[in-house]
Amino acid sequence: MSADVLSTEPHTPPVGTSLLSLTGIQKRFGAVRALSDVDFEVRAGEVVALVGDNGAGKSTLVKVMSGAGPADEGSYRIEGREVSIGTPAAASAHGVATVFQDLAICDNLDVVANLFLGRELTRGVALDEPEMERRTVELLEQLSVKLPSVRIPMASLSGGQRQSVAIVRALLGSPKVVLLDEPTAALGVAQTAQVLNLVERLRERGLGVVLISHNMADVMAVADRAVVLRLGRVAGRFDMADVSREQLVATITGADTNVVSERAARVAGRSAAAPAGTEGNQA
Amino acid sequence: MSTTSTDSAADAAAMDPAVPVPDAAPQQPKQMLRERLAGLRGGDLGSLPVVIGLAVIVIVFQSLNSTFLNSFNLVNLCLQIAAVGIIATGVTLVLLLGEIDLSVGSVSGLAAAILAVLNVNEGLPPVVALLAAAAGGLVIGTIHGLVFTKLGVPSFIVTLAGLLVWQGAQLQVLGSQGTINLPPSGGLQQFGRFSYLADWQSYGLAVVLPVLFLAAKLATRSRRTRAGLPVGAVWVPVAQALLLLAVLLAVVAKLSIDRGVPWIFVVFVAILALVEYVLRRTRYGRAVFAVGGNIEAARRAGIKVDALRTSVFAIASMLAAVGGTVAAMRLGFANQSSGAADTLINAIAAAVIGGTSLFGGRSRMYSALLGALVIGAIANGLDLLNLSSALRYIITGTVLLLAVVIDALASRGRRSAGR
């Protein structure tokens, strides 16, 4: 494989450029409308949280983006160009990497072997272990991921370290957008902090990050924007700078359709919360 | 996979997450010992149970019959374990996937029958007959693999059916003759029973192998240095090479008092070394370990899981066939009970006793050799004592169970130690 696949240089367009944009996404499962008319955008150098209650359509939308479950209708644009993403391979070819909740890690292999699984470096027929180890150490150092050793089996690592390795592995393909599905679920406080630090470093490198999470504290901590899904529709879009956790939760649960929306109407102008259906004028 | 000398740097101190990667300290004797002890507590028993078991077996049989350790008997032992060792090498591959192949005994018997019929009845040259038998194994294994991967039949059932089918095929190939003797002066029997390395060859190998080992270790070491990675003390590989040299010279000297090192034993070790190289140093081998560890992860990493599993079954059956032909060459005949009786259980026992986990994805280096030595030593020792095969079966079965229990306990230890 060529060295550029493992390039650790930022390679994404300038901050603010649209990397991935979905418009008018529709997805049905039989009679159930899982997603209706969903618009979603991630730009370079930002973390967008995708939140919503169970069954709101988060997973369905992630599957649309990652190619695991393409949409029935709607357009999928990468850097402004319309693309057809029907498989996970197509998604990664277009620079969209996904870290699923089940990390897909081989516990019996060490960190280096897991990072390079399926794309090992070779010298002739033999694996080039020193080179793979060198690049692993370099990459982990750049992302400030601390591990006891890169030569111990994954099973010996903590949950946060395993999650970090899974995220770093997603970066090896030089993606533009990284989808993180519940990266902090089942992690302790310190481990969660490790992972959130890593998310921030991805943003610094100019990547677009989609953070799917149930955890409002994490969302408030690292996201720049949040998109709330409810019942397969976009129920609200927020800039994290001017939204409270209560507003977010209210939108997720649907409590905003009365009190909060009235309040939002009163503070119109710099309104943070927009009710469903009027999201056309959001940031 | 642990592949290089500094791989085991996962000691208790390094487990502290505060220690950054580049600071992973080079190995020092005390630290190595500490790692080893930490590993033992964590359920990583290494080759310790096998080595202890082998020592116990040697002490018991030597005290019961003083001819056990003489050169004549040790040469016999090398002749005896070659076939089962080659079959166990194939079984190791299948076990690494977390699957099982119950047909290896029958396939080895069928291969022996094909070899004898082609060479004796059809008059084909020995090499052609050998290649045909091995190719037969390859075809059989491919069939197993395709039924397993494409139809989704569990490997246990596919190969259990294979056990019966290929035994039937063996009887069919042998026809009414029952037993076919290989010509005593023919190349096959000559190779299997009467071919030994000349002294200069065996002593040459005993010196060349440690040198090659040391050269490979030092080459890796200098490449790690150039890559800016931590390296261990230089005396460690030197000491390992010297130890290897001492062991090989002792073995060769002992065997040379009698007939010398049998060629079929060299064939077994060469096959095993090739398989170990492929497993631990190539992308194919890495993929085998990955599939055994987490098949979903392997699939998402782009590994063609079905093709890989089919190829492993094909190789395992081919090695079983090669083992069967080696057994026929050593015994000088193929008959209806070739590959029957305890061939299957011995091959699986050898792989597991040597340190290949039944749970997939884990195997000690050269497990088939160590395991075959244990199984072979037990059978050989009991033969010397003129004990009935009833007792032999019971003891071999018990040792297999013991090995699996150790494997299960070690894997539980790994889990509780977070490995």
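## Ground rules

Helices (H or I, at least four residues) and strands (E, at least two) are DSSP runs, numbered from the N terminus. This is a predicted model: local features need pLDDT of at least 70 and side-chain atom pairs pLDDT 80 or more, while totals for chains, interfaces and linings use all residues. Residues are numbered from 1 along each chain as its sequence is written, with chains lettered from A and ligands numbered from 1 in the order in which they are written.

## Chain A: a loop residue and a hairpin

A:Val145 sits in the loop between α4 (129-142) and α5 (159-171) of chain A. A residue is buried if 20 or more other C-beta atoms lie within 10 Å of its own, exposed if 12 or fewer, and partly exposed in between; C-beta atoms are placed from the backbone. A:Val145 counts as buried because it has 22 C-beta neighbours inside 10 Å. Two residues are in contact if their C-beta atoms, placed from the backbone, lie within 7 Å. Leaving aside neighbours within four places in sequence, A:Val145 is in contact with A:Leu140, A:Ser164, A:Val168 and A:Leu198. A:Thr17 is 128 residues from A:Val145 in sequence and 27 Å from it in space, C-alpha to C-alpha.

Chain A holds 9 helices and 12 strands. Of its 283 residues, 49% count as buried. Strand β12 (residues 233-239) of chain A is mostly covered, with 5 of its 7 residues buried. Two strands pair if DSSP finds at least two bridges between them. Strand β11 (residues 225-230) of chain A pairs with β12(A) in the antiparallel sense over 6 bridges. Here A:Ala226 stands opposite A:Phe238 in β12(A). The two strands form a hairpin with 2 residues between them, and A:Leu231 in the turn has a positive phi of about 50°.

## Chain B: helix α5

Helix α5 (residues 126-150) of chain B has 25 residues. The expected span is 1.5 Å times one less than the number of residues. That gives 36 Å, and the end C-alpha atoms are 36 Å apart, which agrees.

Buried residues of α5(B) include B:Gly136, B:Gly137, B:Gly141 and B:Gly145. B:Leu130, B:Ile140 and B:Phe148 are also among them. Their cover includes α4 (104-121), α6 (155-174), α7 (187-194) and α13 (305-331) of chain B. Just after α5(B), B:Gly152 takes a positive phi of about 75°.

## Chain B: two domains

The domain assignment (bounds from an automatic or database source) gives chain B domain 1 (46-195 + 264-416) and domain 2 (196-261). Their C-alpha centres lie 26 Å apart. In contact are 8 residues of domain 1 of chain B and 8 residues of domain 2 of chain B.

On the domain 1 side, α3 (71-96) and α10 (263-281) of chain B each supply at least two residues. The largest share, 5 residues, comes from α3(B). That side divides into 6 nonpolar, 2 polar and no charged residues. Ala, Val, Leu, Ile, Met, Phe, Trp, Tyr, Cys and Pro count as nonpolar, Asp, Glu, Lys and Arg as charged, and the others, Gly among them, as polar.

## The largest nonpolar core

A nonpolar core is a set of buried Ala, Val, Leu, Ile, Met, Phe, Trp, Tyr and Cys residues joined through C-beta atoms within 7 Å. The largest has 179 residues, of which A:Leu211, B:Leu115 and B:Ala290 touch the most other members. α3(B) gives the most to this core, with 16 residues. At least three residues come from each of domain 1 and domain 2 of chain B.

B:Ala290 has contacts in both chains. Leaving aside neighbours within four places in sequence, its partners include A:Cys106, A:Leu109 and A:Leu117, along with B:Ala297 and B:Ile303.
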